[in-house]
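I opened the notebook to log what I looked up here. The entries follow in the order of my searching.

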Amino acid sequence: KEYNAYAADAILRVLLQFAETSDIHRTYMSEFIKQSSFSEIYQQRMYKVFRGRINHKHIGNVIRNAGLLKMRLSEQFLLKWFEVALTHRDKKRLKKMPEMFERYRALPSFQHQQLANTMRGFGELNIRPPGYFMEQWFEAFVREERFHQGNSLADCVWGLAVLKITPPFDFVESWCQAFEIQCQKPLYRARIDRYSL
């Protein structure tokens, strides 16, 4: 069966599920990632995936899941990821709203959850994205303000704090407005990510 973006995404999700089974599983997975060549092989196969069909969810998930697994990402891989993230076009989204194209010029395919996943992943990896990427990330966050939920808001600000990135005023104002909206909603039982604790 062809190795594609769906398969690449599923592999990391399965490893995370294994790690979340128990503390012993978590320790075993951590040692596997450190001592094996999995990270290197995975990144090599992702270059082919990047050249094929890939959607916005896969782009964000790669960084988030790699971060939670504490994978070693090469500079070459990260440069390719930034290139894909900045140039990817969600055709369905742009087709539905062609008049909004200019509004989606910054990380056009990223929705609120992909923005959060990306920042969470970089925070876990302790990798500070380059300025040209963060500039578009902040712009996209403000664009997606009304869609953010409690968990995505938390992941975004946590990642920025860990990486010691000072956000612009527009982001702070947008984050506070989105947070205020969330505070007005009924409380719900949050999902706890045991692997990141």
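Which residues line the largest cavity? I found Ala5, Ala8, Asp9, Tyr42, Met46, Val49, Ile54, His58, Asn61 and Val62. A cavity here is a set of points on a 1 Å grid over the protein atoms alone where a 1.4 Å probe fits but cannot get out, and a lining residue has an atom within 4 Å of a point.

**Ground rules.** I am working on a predicted model, where local features need pLDDT of at least 70, side-chain atom pairs count only at pLDDT 80 or more, and totals for chains, interfaces and linings use all residues. I number residues from 1 along each chain as its sequence is written, and side-chain values use heavy atoms, with hydrogens and water left out.

**Cavity.** I searched the whole structure and got one cavity of 30 Å³ or more. The space in the largest cavity is about 40 Å³. I take volume as the space filled by probe spheres set on the grid points, which are joined across faces, edges and corners. Then I sorted the lining by helix: α1 (5–19), α3 (38–51) and α4 (56–68) each give at least two residues. Helices are DSSP runs of H or I with at least four residues, strands are E runs of at least two, and both are numbered from the N terminus. By type, the lining has seven nonpolar residues, two polar and one charged. For this I count Ala, Val, Leu, Ile, Met, Phe, Trp, Tyr, Cys and Pro as nonpolar, Asp, Glu, Lys and Arg as charged, and the others, Gly among them, as polar.

**Whole chain.** I counted ten helices and zero strands in the protein chain. Of its 197 residues, 47% count as buried (under 20% relative accessible area; exposed is over 50%, partly exposed in between; 1.4 Å probe, protein chains only). Among contacts (heavy atoms within 4.5 Å) with a separation of 6 or more, 79% join residues 24 or more positions apart.

**Core.** The largest nonpolar core holds 52 residues. Such a core is a set of buried Ala, Val, Leu, Ile, Met, Phe, Trp, Tyr and Cys residues joined through side-chain atoms within 4.5 Å. Tyr42, Met71, Trp81, Phe122, Phe133 and Trp137 have the most contacts inside this core. I checked Tyr42 beyond four places in sequence: Tyr42 touches Tyr3, Ala8, Asp9, Leu12, Val62 and Met71. Tyr42 is also on the cavity lining.

**Leu12.** I placed Leu12 in helix α1. Why is Leu12 counted as buried? Because its relative accessibility is 1%. Leu12 touches residues that include Phe38, Tyr42, Val62 and Met71.

**Gln43.** Gln43 sits in helix α3. I log Gln43 as buried because its relative accessibility is 4%.

**Ala85.** Ala85 is in helix α5. Its relative accessibility is 0%, so Ala85 counts as buried. C-alpha to C-alpha, Ala85 and Phe110 are separated by 8.1 Å.

**Trp158.** Beyond four places in sequence, Trp158 touches Arg120, Gly123 and Glu124.

Note on methods. 1 Å grid on protein atoms, 1.4 Å probe; cavity = no way out; pocket = protein on both sides within 12 Å on 5 of 7 lines; lining within 4 Å.
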